[in-house]
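Me: I am new to reading protein models. Please take me through the terms with this one.

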Amino acid sequence: HAAMLTKSVPPEITRVAVMLRPTCDEWNQVRDVFAPDWLQADADDFAILDIPATVGRLPVYRDTDALDFDKENFAWPEHVLFEGARSGSGMKPNWDHAAQLARHTCMVLAGGLTPENVQEAILHVHPWAVDVSSGVEVSPGVKDLDRIAAFVTAVREVEGIHAG
(Lines give C-alpha, C1' and ligand atoms only; values in the text may rest on other atoms or scores of the structure.)
Protein backbone atom coordinates (compact mmCIF):
# COMPACT_ATOMS: atom_id res chain seq x y z
CA HIS A 1 0.00 0.00 0.00
CA ALA A 2 2.79 2.44 0.85
CA ALA A 3 4.39 2.01 -2.58
CA MET A 4 1.05 2.62 -4.28
CA LEU A 5 0.18 5.64 -2.10
CA THR A 6 3.55 7.30 -2.73
CA LYS A 7 3.87 6.47 -6.43
CA SER A 8 3.05 10.04 -7.49
CA VAL A 9 4.91 11.77 -4.66
CA PRO A 10 7.50 14.17 -6.11
CA PRO A 11 11.13 13.08 -5.60
CA GLU A 12 11.89 16.08 -3.35
CA ILE A 13 9.44 14.67 -0.78
CA THR A 14 11.22 12.26 1.55
CA ARG A 15 9.53 8.90 2.06
CA VAL A 16 10.20 7.39 5.48
CA ALA A 17 9.49 3.80 6.51
CA VAL A 18 8.56 3.87 10.21
CA MET A 19 9.02 0.40 11.66
CA LEU A 20 8.82 -0.93 15.20
CA ARG A 21 11.19 -3.85 15.74
CA PRO A 22 11.09 -5.14 12.14
CA THR A 23 12.38 -8.60 11.36
CA CYS A 24 14.96 -8.87 8.60
CA ASP A 25 12.29 -10.29 6.28
CA GLU A 26 9.87 -7.45 7.06
CA TRP A 27 12.52 -4.83 6.40
CA ASN A 28 13.67 -6.56 3.20
CA GLN A 29 10.11 -6.51 1.88
CA VAL A 30 9.67 -2.82 2.76
CA ARG A 31 13.09 -2.00 1.29
CA ASP A 32 12.39 -3.86 -1.96
CA VAL A 33 8.72 -2.95 -2.50
CA PHE A 34 8.32 0.49 -0.92
CA ALA A 35 11.94 1.62 -1.45
CA PRO A 36 11.93 4.34 1.22
CA ASP A 37 14.40 7.21 1.34
CA TRP A 38 14.82 6.78 5.12
CA LEU A 39 14.24 4.08 7.72
CA GLN A 40 13.06 5.01 11.22
CA ALA A 41 13.50 2.11 13.64
CA ASP A 42 14.93 1.37 17.08
CA ALA A 43 18.62 2.22 17.26
CA ASP A 44 19.73 -1.36 17.91
CA ASP A 45 17.72 -2.68 14.93
CA PHE A 46 20.17 -1.10 12.50
CA ALA A 47 22.87 -3.61 13.46
CA ILE A 48 20.84 -6.56 12.12
CA LEU A 49 19.19 -5.04 9.06
CA ASP A 50 20.64 -4.85 5.54
CA ILE A 51 20.24 -1.15 4.81
CA PRO A 52 21.59 0.21 1.53
CA ALA A 53 23.88 3.24 1.76
CA THR A 54 21.26 5.19 -0.21
CA VAL A 55 18.72 4.84 2.62
CA GLY A 56 18.99 7.39 5.42
CA ARG A 57 18.94 6.13 8.99
CA LEU A 58 16.80 7.60 11.74
CA PRO A 59 17.49 5.55 14.86
CA VAL A 60 14.92 5.89 17.63
CA TYR A 61 15.97 6.53 21.21
CA ARG A 62 13.45 6.68 24.02
CA ASP A 63 13.62 8.71 27.19
CA THR A 64 13.73 5.43 29.13
CA ASP A 65 16.95 4.34 27.42
CA ALA A 66 20.09 4.59 29.53
CA LEU A 67 21.62 7.51 27.66
CA ASP A 68 24.41 9.80 28.79
CA PHE A 69 23.18 13.00 27.15
CA ASP A 70 26.22 15.06 28.15
CA LYS A 71 28.80 12.59 26.92
CA GLU A 72 30.90 14.68 24.54
CA ASN A 73 32.98 11.85 23.09
CA PHE A 74 30.10 9.47 22.33
CA ALA A 75 29.67 8.99 18.59
CA TRP A 76 26.00 9.92 18.21
CA PRO A 77 24.53 9.05 14.83
CA GLU A 78 24.14 12.04 12.50
CA HIS A 79 20.35 11.93 12.89
CA VAL A 80 18.21 10.51 15.71
CA LEU A 81 14.59 10.54 16.77
CA PHE A 82 14.00 11.06 20.49
CA GLU A 83 10.62 10.26 22.01
CA GLY A 84 8.84 9.35 25.21
CA ALA A 85 8.90 5.96 26.88
CA ARG A 86 6.49 4.19 24.49
CA SER A 87 6.30 4.71 20.74
CA GLY A 88 2.94 5.91 19.47
CA SER A 89 1.54 6.58 22.93
CA GLY A 90 1.69 10.36 22.90
CA MET A 91 4.02 10.33 25.91
CA LYS A 92 6.22 13.41 26.09
CA PRO A 93 9.93 12.87 26.71
CA ASN A 94 11.84 15.01 29.18
CA TRP A 95 12.55 18.15 27.16
CA ASP A 96 15.70 18.87 29.20
CA HIS A 97 17.08 15.48 28.10
CA ALA A 98 16.00 16.23 24.54
CA ALA A 99 17.78 19.60 24.60
CA GLN A 100 20.97 17.94 25.81
CA LEU A 101 20.77 15.39 23.00
CA ALA A 102 19.99 18.07 20.39
CA ARG A 103 23.36 19.67 21.14
CA HIS A 104 25.13 16.56 19.82
CA THR A 105 23.15 15.50 16.75
CA CYS A 106 20.37 16.40 14.34
CA MET A 107 17.50 15.33 16.55
CA VAL A 108 13.86 14.83 15.61
CA LEU A 109 11.71 15.49 18.67
CA ALA A 110 8.66 13.24 18.97
CA GLY A 111 6.17 12.22 21.61
CA GLY A 112 3.37 14.24 23.13
CA LEU A 113 3.61 17.12 20.66
CA THR A 114 0.41 19.01 19.85
CA PRO A 115 -0.49 22.26 18.13
CA GLU A 116 -0.74 23.76 21.62
CA ASN A 117 2.78 22.84 22.83
CA VAL A 118 4.99 22.47 19.75
CA GLN A 119 6.24 26.07 19.86
CA GLU A 120 7.28 25.72 23.49
CA ALA A 121 8.98 22.41 22.65
CA ILE A 122 10.95 23.91 19.76
CA LEU A 123 12.04 26.93 21.79
CA HIS A 124 13.11 24.72 24.72
CA VAL A 125 14.76 21.86 22.82
CA HIS A 126 15.98 23.37 19.51
CA PRO A 127 15.42 20.15 17.55
CA TRP A 128 16.38 19.65 13.91
CA ALA A 129 12.77 18.59 13.23
CA VAL A 130 9.55 17.64 14.99
CA ASP A 131 7.34 14.59 14.52
CA VAL A 132 3.64 14.35 15.32
CA SER A 133 1.00 11.66 15.12
CA SER A 134 -1.41 11.21 18.02
CA GLY A 135 -1.21 14.93 18.85
CA VAL A 136 -3.23 15.71 15.73
CA GLU A 137 -5.80 12.93 16.08
CA VAL A 138 -9.45 13.17 17.09
CA SER A 139 -9.43 9.49 18.03
CA PRO A 140 -6.75 6.79 17.79
CA GLY A 141 -5.57 6.58 14.19
CA VAL A 142 -7.96 9.28 12.93
CA LYS A 143 -6.18 12.50 11.96
CA ASP A 144 -7.90 15.88 12.22
CA LEU A 145 -7.09 18.18 9.27
CA ASP A 146 -7.65 21.31 11.38
CA ARG A 147 -5.22 20.07 14.06
CA ILE A 148 -2.64 19.19 11.38
CA ALA A 149 -2.98 22.69 9.90
CA ALA A 150 -2.69 24.26 13.36
CA PHE A 151 0.43 22.19 14.10
CA VAL A 152 2.09 23.23 10.83
CA THR A 153 1.15 26.87 11.42
CA ALA A 154 2.61 26.78 14.93
CA VAL A 155 5.88 25.30 13.64
CA ARG A 156 6.11 27.86 10.84
CA GLU A 157 5.45 30.71 13.28
CA VAL A 158 8.28 29.65 15.58
CA GLU A 159 10.56 29.13 12.57
CA GLY A 160 9.82 32.77 11.68
CA ILE A 161 10.89 33.83 15.17
CA HIS A 162 14.28 32.11 14.67
CA ALA A 163 14.71 33.39 11.11
CA GLY A 164 13.85 37.00 12.05
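Reply: Start with contact: it means heavy atoms within 4.5 Å. By that rule, Gly56 touches Asp37, Trp38 and Leu39, not counting residues up to four places away in sequence. The model is predicted, so local features need pLDDT of at least 70, side-chain atom pairs count only at pLDDT 80 or more, and totals for chains, interfaces and linings use all residues. Residues are numbered from 1 along each chain as its sequence is written, and side-chain values use heavy atoms, with hydrogens and water left out.

Me: Why is Gly56 called buried?

Reply: Buried means under 20% relative accessible area, exposed over 50%, and partly exposed in between (1.4 Å probe, protein chains only). Gly56 has 16%, so Gly56 is buried.

Me: What makes Val152 partly exposed?

Reply: Its relative accessibility is 34%. That value falls between the 20% and 50% limits, so Val152 counts as partly exposed.

Me: How do you know that Arg62 and Asp42 form a salt bridge?

Reply: A salt bridge needs a side-chain nitrogen of Lys or Arg within 4 Å of a carboxyl oxygen of Asp or Glu. For Arg62 and Asp42, the N to O distance is 2.3 Å. Arg62 is in strand 3 and Asp42 in strand 2, 20 residues apart. Strands (E, at least two residues) and helices (H or I, at least four) are DSSP runs, numbered from the N terminus.

Me: Are Arg62 and Asp42 buried or exposed?

Reply: Arg62 has a relative accessible area of 11%, so Arg62 is buried. Asp42 is at 3%, so Asp42 is buried too.

Me: Which salt bridge does Glu83 form?

Reply: Glu83 pairs with Arg62, with the closest N and O atoms 3.1 Å apart. Salt bridges that share partners join Arg21, Asp42, Asp44, Asp45, Arg62 and Glu83 into one network.

Me: Why is the pair of Tyr61 and Trp76 called edge-to-face?

Reply: Rings of Phe, Tyr and Trp (its six-membered ring) pair if their centres lie within 6.5 Å; planes under 30 degrees apart count as stacked, over 60 as edge-to-face and the rest as tilted. Here the centres are 5.6 Å apart and the planes are at 80°, so the pair is edge-to-face. Tyr61 and Trp76 are both buried.

Me: What makes a nonpolar core, and how many residues has the largest?

Reply: A nonpolar core is a set of buried Ala, Val, Leu, Ile, Met, Phe, Trp, Tyr and Cys residues joined through side-chain atoms within 4.5 Å. The largest has 20 residues. Met107, Leu109 and Val125 have the most contacts inside it.
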